[in-house]
Amino acid sequence: MWELVKEDIRKYWKAAVFMFVAAVILVVCFGGACISRIVVGLPCPACGMTRAALLLLSGHWKESIQMQPFFIIFFLGIAVCVVKRYIFRKKVGRLFWAYAGIMLVAALVFYLYRMVLYFPHTPPMTYNKDNLLLYVYHLFF
């Protein structure tokens, strides 16, 4: 198991460092890591995932599910892939892509549902008035 972990760390450490640095820069410069909210001010389909994770880790299951129900499904899917890869030593290619496709479609449908019912007045489905697109628009008009 540990050989696979070491191999994966060697393969993917640059991508992980890049994503971490990018997230830190976005949080420091813009107060958040969501590109959609920063650029156009709109929540993305994954909006609320970080808050849902923090709520879940602090024992607030109900609030976590209300914030972003897909976090628990996402977390369970990742756990299944990790167990398959590192415990059973099997490739997760097809499983991962099938799961990712199903999650993407379901998340988009749920996103549209939340946009219709909760945007722009209920967190996390709120509008960011300090977005870059609006800033650039006001520079020219």
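This is a predicted model: local features need pLDDT of at least 70, side-chain atom pairs count only at pLDDT 80 or more; totals for chains, interfaces and linings use all residues.
Figure 1. Helix 3 covers residues 49–57 and helix 5 covers residues 70–87; the two pack at an angle of about 80°, and their axes lie 9 Å apart. Helix 3 is therefore roughly perpendicular to helix 5.

**Figure 2. Packing of helix 5 against helix 6.** The angle between helix 5 and helix 6 is about 180°, and their axes are 11 Å apart. This angle makes helix 5 roughly antiparallel to helix 6. On the side of helix 5, the contact is made by F70, I73, F74, G77, V80, C81 and K84. Helix 6 contributes L95, F96, Y99, M103, A106, A107 and F110. By class, the contact of helix 5 with helix 6 has 12 nonpolar residues, one polar residue and one charged residue.

**Figure 3. The salt bridge between D8 and R85.** The count of salt bridges in the model comes to three, and one of them joins D8 to R85, with the closest N and O atoms 2.7 Å apart. Because D8 lies in helix 1 and R85 in helix 5, the pair ties together parts that are 77 residues apart in sequence. D8 has a relative accessible area of 10% and is buried. R85 also counts as buried, at 17% relative accessibility. For both residues, the cut-off that applies is a relative accessible area under 20%.

**Figure 4. The salt bridge between R89 and E3.** R89 pairs with E3 in a salt bridge whose closest N and O atoms are 3.4 Å apart. The pair links distant parts of the chain: R89 is in the loop between helix 5 and helix 6 (93–118), E3 is in helix 1 (residues 2–30), and the two are 86 residues apart. With a relative accessible area of 48%, R89 is partly exposed. E3 counts as exposed, at 52% relative accessibility. The cut-off for exposed is over 50%, which places R89 at 48% in the partly exposed class.

**Figure 5. The salt bridge between E7 and K11 within helix 1.** A salt bridge is formed by E7 and K11, the closest N and O atoms being 3.6 Å apart. Both residues belong to helix 1, and because they are four residues apart, about one helical turn separates them. E7 is partly exposed, its relative accessible area being 32%. K11 is exposed, with a relative accessible area of 51%.

**Figure 6. V40 and its contacts.** V40 is found in the loop between helix 2 (35–39) and helix 3. Leaving aside residues up to four places away in sequence, V40 touches Y127, N131 and L133. V40 is partly exposed, with a relative accessible area of 32%. From C-alpha to C-alpha, V40 and Y12 are 30 Å apart in space, while 28 residues separate them in sequence.

**Figure 7. The start of helix 7.** A side-chain oxygen of N131 reaches to within 3.2 Å of the backbone nitrogen of L133 at the start of helix 7. Helix 7 has nine residues (residues 132–140), and the number of them that are buried is zero, so helix 7 lies largely in the open. N131 and L133 are also among the residues that V40 touches.

**Figure 8. The whole protein, as context for the close-up views.** The protein has seven helices and two strands, which follow the pattern α-α-α-α-α-α-β-β-α along the sequence. Its C-alpha trace spans about 55 × 35 × 30 Å along the principal axes. Of the 141 residues in the protein, 25% are buried. Among contacts between residues at least 6 apart in sequence, 52% join residues at least 24 apart.

Methods
Residues are numbered from 1 along each chain as its sequence is written. Side-chain values use heavy atoms; hydrogens and water are left out. Buried means under 20% relative accessible area, exposed over 50%, partly exposed in between (1.4 Å probe, protein chains only). A polar contact is a pair of N or O atoms within 3.5 Å; within protein, one must be able to donate a hydrogen and the other to accept it, and residues adjacent in sequence count only if both atoms are side-chain atoms. Axes are lines fitted to C-alpha atoms, for helices over the stretch in contact, and angles run from 0 to 180 degrees between N-to-C directions. Angles under 35 degrees count as roughly parallel, over 145 as roughly antiparallel, 65 to 115 as roughly perpendicular and the rest as oblique. A salt bridge is a side-chain nitrogen of Lys or Arg within 4 Å of a carboxyl oxygen of Asp or Glu. Contact means heavy atoms within 4.5 Å. Ala, Val, Leu, Ile, Met, Phe, Trp, Tyr, Cys and Pro count as nonpolar, Asp, Glu, Lys and Arg as charged, and the others, Gly among them, as polar.
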